[in-house]
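Welcome, and please take a moment to look over the chains before reading on.

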There are 2 protein chains.
Amino acid sequence: MKCSVLFIEILIFGINFSSGEYVYNVNYVDVPVDHFSFTNNATFKLRYLINSSYWNNDGPIFFYTGNEGDINTFAQNSGFIWEIAPSFKALIVFCEHRYYGTSLPFGDKSFSDPIYVGYLHSAQALADFVYVIDHIQTLNGNGEDDSKNPVIAFGGSYGGMLSSWLRMKYPSSVLGAVASSAPILQFETPCDVFSSIVTSVFRTSSETNDCADVIKKSWSALRNVTGSAEGRQWLTKTWKLCDTLKDNDVEVLFNWLQDVYGNLAMVNYPYPTSFLSTLPANPVKAFCSKLPVTTHKPKPLIEELGRALNIYTNYTKQTKCVNITKSSWGGIDDFAWNFQACTEMIMPMCSTKRDMFEEQAWNYTKFSQDCYEVWKVHIARPNLAIREYGGKHLAAASNIIFTNGLMDPWSGGGVLQNVSRSVYAIVMPDTAHHLDLRGYNIADPPSVLNARYHIQVVIRKWIRTYYREYLNMYYH
Amino acid sequence: MKCSVLFIEILIFGINFSSGEYVYNVNYVDVPVDHFSFTNNATFKLRYLINSSYWNNDGPIFFYTGNEGDINTFAQNSGFIWEIAPSFKALIVFCEHRYYGTSLPFGDKSFSDPIYVGYLHSAQALADFVYVIDHIQTLNGNGEDDSKNPVIAFGGSYGGMLSSWLRMKYPSSVLGAVASSAPILQFETPCDVFSSIVTSVFRTSSETNDCADVIKKSWSALRNVTGSAEGRQWLTKTWKLCDTLKDNDVEVLFNWLQDVYGNLAMVNYPYPTSFLSTLPANPVKAFCSKLPVTTHKPKPLIEELGRALNIYTNYTKQTKCVNITKSSWGGIDDFAWNFQACTEMIMPMCSTKRDMFEEQAWNYTKFSQDCYEVWKVHIARPNLAIREYGGKHLAAASNIIFTNGLMDPWSGGGVLQNVSRSVYAIVMPDTAHHLDLRGYNIADPPSVLNARYHIQVVIRKWIRTYYREYLNMYYH
């Protein structure tokens, strides 16, 4: 079974499996800062990447709806789109999300005040995408409404949420959407789902210890050590932190650790990658293998944990010190995302006794206060995203594929069951965060190869139907 | 056939056909001025009218999406909703559109500057409606997502466009929409469609003359007379204009006349009404019967036209003088609507040699300049509404009924053919603007009775399916 699927994949993808860089032109469109009022005429330059080398005039547009980071990062980490484009004769577009990368509506001051950062809103980002699609259709000579190239939206994670929402809100601009690891239900799921999946990934990733159990024990050791100035000094030296740990940095450290564990689970890919950090294959396993703990005494435990964390922070051996104000590298922009997490993308998070994390309830009041301190924005509408996008009520949606790896902590907020005859859920039991969107690798499990095959079949069906119904043309 | 339909209507409607005033409570909700940015926290009081006397807890919410005027006007002129509510055990809500009636986001200064009036945007209005629906669901004790009352949106004209768009954009808030005389395709239809239908209404409304032909001839007579100061003086006196007609009022007069003819065709109802103006039954026929013109000499022709216009301007015999700066009375707000027509709702209008109007091309440049003079807003996005709502591409929509009377000038921009198994078009060949939304009248033609019956059957199907699929309940 594995072989035959692989064989089909090879036939469809062609033979260029090189994991090298993908190439494209960089373009910009002037888009309105505010699509939903006429209070001002301000525009800004939204960046998009485009490659037309596989495209013929009738081919579809594969449109990646950029997420919380530099769009180059997503273009370089979404090999699947590049690999299937030739057989679809598709135009490839990766469009940046406003307020990320170079697409800053107000330049340097974009984050300085609510009157600037306030336009960082998913509805505005979707309207940007529609604007850019229109722009590209016009460039393609599709002034006439009926001759438009069909557009397939792709996205992973928050980008996947956007691609599904883009199809829901703008079905006349976007024929269908592939939403990989898109936790559109995370606003409503029990708050411990994320922690619980991370725990199970760590629990099952080591043959020699219960890695999750060791981590669970480390929290009290860390509380113990970081409770004194000498302890913090010792930790700073032992873990090679860039800045001496102060009393009020302790929470920062704990949050950073939680993020690192979550990230390790998310990018727990079966081959070396450099997405959130430069990592070996199966990084959780690699991490856990460094924790052959026989002692639970605080300092030896923390020393071992520090060595294990090097898998995430210094796999390249180039890192001079560990910066705990940043939990991912590459193009992801945690700072701007924090604004979105504080305003619209409010996903309640907690951990319980059963998880490997410190027990922590979801505290909306504290969350809201912390957000206000940073952004000076009151969140009067905590259920905004549910109201805007419908939450779990997807019956009216059409032409969306939701893919989820069940070892991905975000899968708890994903769509895991078919919704209708045109809203599909593809579940990959053994994979991490949007592995299916990445380029082919010999280490890919069969579930991912199957998903990629299934996605292509469905996209082809959508496009065929589109050409038949709208253009009376045959597409093969 | 007519009798049997009428009989069913009577069974369904109950026996209260009184055309008296409908009663309701007046409520307000604080809604955000800007749903799509976090630049400010301003809110304002949006007005809605509510009647729960027919409602039981499981019944649907009939939600009228207010249009360009005081919401009371629409509540009093949409008797159909009131008449069917008892049999559905429905909660009736008429929600005002922002910037109309008392729902002014910035009070007196709401129209004074783009920074205030700029939030007059249909997308913001739709978000208001969703906000109010959420508010009412919460008041109804539907905090739990799955126990929500099904919402059916109703609307006529621009309100009908909104009700259909509300279902398209927010299907999880609104189960289905009844869009009566909603010209959602008017952005893309040939610009002379409106003029052409008005012409055919006037052409076919008189037995003794070709009324359209007389009007067509009147334009040169009017140009002739209004070309001189004495002529304008004479016209002021003859037509009893409130203000002496000056040279630069001539275009105002011509625009007013066009509007009056359009309005007469729109509200050409088979019984006396007071919607846009107080009028007799079949007002176009009444107007044309006053024009038994045997002469085409300018002054006698204009004198007769003046007497005919009294049907529209002074049917009550209470009007002291004719105010040409206002073409409708009651609750419609032409001023605020002008902002919408200038920014989003750009519907190209023209008239040709074949129409009863003066020949006039669609001149976007002039239109845009005129708009800028009034509002100081540059319209950089003339196809905004098409991009936002998809124009004629309705394949992804569901649960919408579009009704249109073919004698309604706006039907040229309406959806006149079924789109899918759940997006229906009901066409009434012999009726004017959203007659079907009005209360029952003995003079209603069978096409309207049929439409009203059909609408009820479909709404009942939607609600039954909703209860079966979401709540596992039986609704009859």
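Let us start with L406(A), which sits in the loop between β9 (400-405) and β10 (423-428) of chain A; helices (H or I, at least four residues) and strands (E, at least two) are DSSP runs, numbered from the N terminus. This is a predicted model, in which local features need pLDDT of at least 70 and side-chain atom pairs count only at pLDDT 80 or more, while totals for chains, interfaces and linings use all residues. Residues are numbered from 1 along each chain as its sequence is written, chains are lettered from A and ligands numbered from 1 in the order in which they are written, and side-chain values use heavy atoms, leaving out hydrogens and water.

L406(A) counts as partly exposed because its relative accessibility is 35%. Here buried means under 20% relative accessible area, exposed means over 50%, and partly exposed is in between (1.4 Å probe, protein chains only). Together with L416(A) and V427(A), L406(A) makes a nonpolar surface patch of about 200 Å². Patches are made of residues with over 30% relative accessible area and no salt bridge, with like charges joined within 9 Å and nonpolar side chains (Val, Leu, Ile, Met, Phe, Trp, Tyr) within 5 Å. The accessible areas come from the Shrake-Rupley method with a 1.4 Å probe, and for residues only the protein chains shown count as cover.

A patch of another kind, with positive charge, gathers R421(A), K461(A), R421(B) and K461(B) on the surface. Lys and Arg count as positive and Asp and Glu as negative, while His and the chain ends are not counted; the place of a charge is taken as NZ of Lys, CZ of Arg, CG of Asp or CD of Glu. K461(B) belongs to helix α16 (residues 446-471) of chain B, and with 40% relative accessibility K461(B) is partly exposed.

Now turn to some helices. In chain A, helix α5 (residues 122-139) has 18 residues, which at 1.5 Å a residue should span 26 Å, and its end C-alpha atoms agree with this at 25 Å apart; the expected span is 1.5 Å times one less than the number of residues. Of those 18 residues, 15 are buried, so α5(A) is largely enclosed by the rest of the structure.

Just after α3(B) comes K89(B), with a positive phi of about 50 degrees.

Finally, look for the salt bridges, where a side-chain nitrogen of Lys or Arg is within 4 Å of a carboxyl oxygen of Asp or Glu. Over all chains, the whole structure holds 30 of them. In one, the side chains of E96(A) and R47(A) meet at 2.7 Å, N to O. E96(A) lies in the loop between β4 and α4 (114-117) of chain A and R47(A) in strand β2 (residues 43-51) of chain A, so the pair ties together parts that are 49 residues apart in sequence. Both E96(A) and R47(A) are buried.

Which residue forms a salt bridge with D247(B)? The partner is R232(B), and the closest N and O atoms are 3.7 Å apart. R232(B) is buried, since its relative accessible area is 11%, whereas D247(B) counts as exposed at 57% relative accessibility.
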